[in-house]
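Subject: Structure handover and notes

Hello,

My notes on it follow below.

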Amino acid sequence: MRIASRLYYSAGIVILLFSGVAASAADQTIVLKAARIFDGKSKSLIPNGVIVVQGDKIVDMGSNVAVPSDAKVIDLGDMTLSPGFMDAHTHLTLDFSGDFNKRRLEQLDLNISEQAIRAVGYARTTVEAGFTTVRDVGSRFVSSREFVDVALRNAINKGVIVGPRMLVATKGIGATGGHFDPTGGFRDFLFGREPDYTDGIANGPDEVRKAVRFEVKNGADVIKAAVSGGVLSLADEVDTPQFTPAEMVALVDESHRLRKKVAVHCHGDQAAREAIEAGVDSIEHGSFMKPQTVALLKQKGTFLTPTLMASEYIMSKIDQYPPTLQAKAREATAARSEMFRNAVKMGVRISFGTDAAVFPHGQNAKEFALMIGLGMAAIDALKSATSNDAELLGIAQKVGTLEKGKLADIIAMPGDPIADITVTERVSFVMKEGKIIRNGSPSMQAAAESTNITDITAPVD
Ligand SMILES: [Zn+2]
């Protein structure tokens with residue numbers, strides 16, 4: 001009885017303490033100061049940057065703006081403040097970097113719950129690298145009904161774990177034997193049945209609509225489809241079209257009716273042309289797009305998400321992939337550099353996306369240097385990862401730029417990213433919705449995650 005009442009009493013104090021902390025954190029005004037601000041939209045950086053944050057929002061920002069007297073000031077010195085970076089193409093629940101065959105076997109060995117637990121670390125590493133928002137475009141586990149990306153997103157939103165804001169696609173949609181068929185390359189009927197719409201496999205316009213509805217029902221924020229072959233799939237050619245124009249029209253129409261955007265995995269030129277005509281919101285990869293197709297992209301205002309990091313990483317350890325995939329990777333990488341240069345020259349809307357999971361999570365910012373190496377201006381590459389991605393994701397009213405009233409997703413990197421874009425790879429301050437996730441060294445968990453990081457060399461042409 002006595003012990004019980006004492007426990008009750010201490011619990012009461014703990015609750016009081018915690019609520020006290022919570023109340024003061026909500027009211028506390030935080031001022032971030034740094035030598036420069038990249039605001040997500042301007043043509044140049046703003047000197048002597050000051051950002052005033054109250055609760056989860058930015059209440060003032062600019063050069064030398066007044067600091068409220070009661071504010072907690074964090075002076076970051078010779079750094080650049082930026083809107084939190086976004087990555088429009090991740091797979092936070094997966095990791096197929098490293099030895100391809102080992103990973104393929106691991107997919108079958110590991111329980112889905114163990115893979116989900118690993119994803120918690122990938123999410124943490126990603127946000128600590130400065131990526132406060134991701135569009136996660138496909139979370140497939142062969143012969144499983146689990147929606148791990150939805151669970152990860154929800155756990156982050158509820159504050160159970162730390163990670164980026166996620167817009168998820170669930171399984172993605174593709175054709176039998178196509179890039180998204182999870183049983184492709186395995187012995188026939190190894191898993192007992194052919195995958196169907198519940199696995200994201202659909203054939204014919206009606207089934208495509210059914211798959212879209214099924215994924216939205218289960219929590220998809222965005223619809224992802226594979227409309228051409230891919231590099232890391234064993235049963236298809238990299239550039240063949242895998243949906244008919246009628247299937248693509250059904251895909252886009254059904255998704256847009258349900259107010260979801262459509263991102264399509266597409267390397268091939270014909271599939272890209274048909275997808276752009278059907279009205280998709282972004283072409284992912286786009287490796288073999290001819291100049292006329294890139295021009296069509298420009299004319300329609302469709303985004304290109306180039307994912308240069310994916311081919312860069314695969315090429316850096318090409319010997320570790322089966323020969324058929326090596327040939328596909330070589331072909332796609334050789335084509336994508338010219339395609340990307342054309343897209344930059346033509347002024348196509350370029351969104352920042354990396355295909356994280358093909359390479360170890362947390363290295364997303366290496367995409368910046370690759371973009372610049374292929375002709376993009378540094379300021380435009382920075383905009384692609386902030387305001388452009390916010391527009392593509394449909395969340396530009398809340399995030400993507402540093403402005404009064406926007407959510408306080410703010411990161412800082414050392415020095416000047418215009419002078420040296422690789423400083424984006426050394427983000428050391430991360431705030432998401434007004435809460436500081438990192439100020440200085442990475443957390444133990446993120447540091448442990450990044451031990452398997454291999455270095456990527458200069459752009460492959
Ligand atoms: Zn991908």
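A pocket here is an open set of points on a 1 Å grid over the protein atoms alone, with protein on both sides within 12 Å along at least five of seven lines; a cavity is a set of points where a 1.4 Å probe fits but cannot get out, and lining residues have an atom within 4 Å of a point. Grid points are joined across faces, edges and corners, and a volume is the space filled by probe spheres set on the points.

The model is predicted: local features need pLDDT of at least 70, side-chain atom pairs count only at pLDDT 80 or more, and totals for chains, interfaces and linings use all residues. Residues are numbered from 1 along each chain as its sequence is written, and side-chain values use heavy atoms, with hydrogens and water left out.

The largest pocket holds about 1,000 Å³ of space. It has 50 lining residues, and Leu-94, Phe-96, Gln-107, Arg-140 and Leu-232 are the closest to its centre. By class, 24 of the lining residues are nonpolar, 16 polar and 10 charged (nonpolar: Ala, Val, Leu, Ile, Met, Phe, Trp, Tyr, Cys and Pro; charged: Asp, Glu, Lys and Arg; polar: the others, Gly among them). Helices H2 (100–109), H3 (112–128), H9 (308–316) and H10 (323–346) each supply at least two residues of this lining, and H2 gives the most, with six. Helices (H or I, at least four residues) and strands (E, at least two) are DSSP runs, numbered from the N terminus.

The second largest pocket has about 380 Å³ of space. Of its 15 lining residues, Ile-156, Gly-159, Lys-432, Glu-433 and Lys-435 lie nearest its centre. Six are nonpolar, three polar and six charged. Helix H4 (148–157), strand S8 (165–168) and strand S15 (435–439) each contribute at least two residues.

Zinc site

His-89 (NE2), His-91 (NE2) and Asp-355 (OD) coordinate the zinc ion at 2.1 to 2.2 Å. Donors are N, O and S atoms within 2.8 Å of the metal (3.2 Å for Na, K and Ca); water is not among the atoms, so sites may look incomplete. The spacing of the donors along the chain is H-x1-H-x263-D. Both histidines, His-89 and His-91, are buried (under 20% relative accessible area; exposed is over 50%, partly exposed in between; 1.4 Å probe, protein chains only).

Core and covered helices

Helix H7 (residues 269–278) is mostly covered, with seven of its 10 residues buried. Among the elements covering them are helix H6 (245–257), strand S10 (261–266), strand S11 (282–285) and helix H8 (291–300). Gly-279 follows H7 and has a positive phi, near 95 degrees.

H4 is largely enclosed by the rest of the structure, because seven of its 10 residues are buried. Just after H4, Gly-159 has a positive phi of about 80 degrees.

Regards

How values were computed
Contact means heavy atoms within 4.5 Å.
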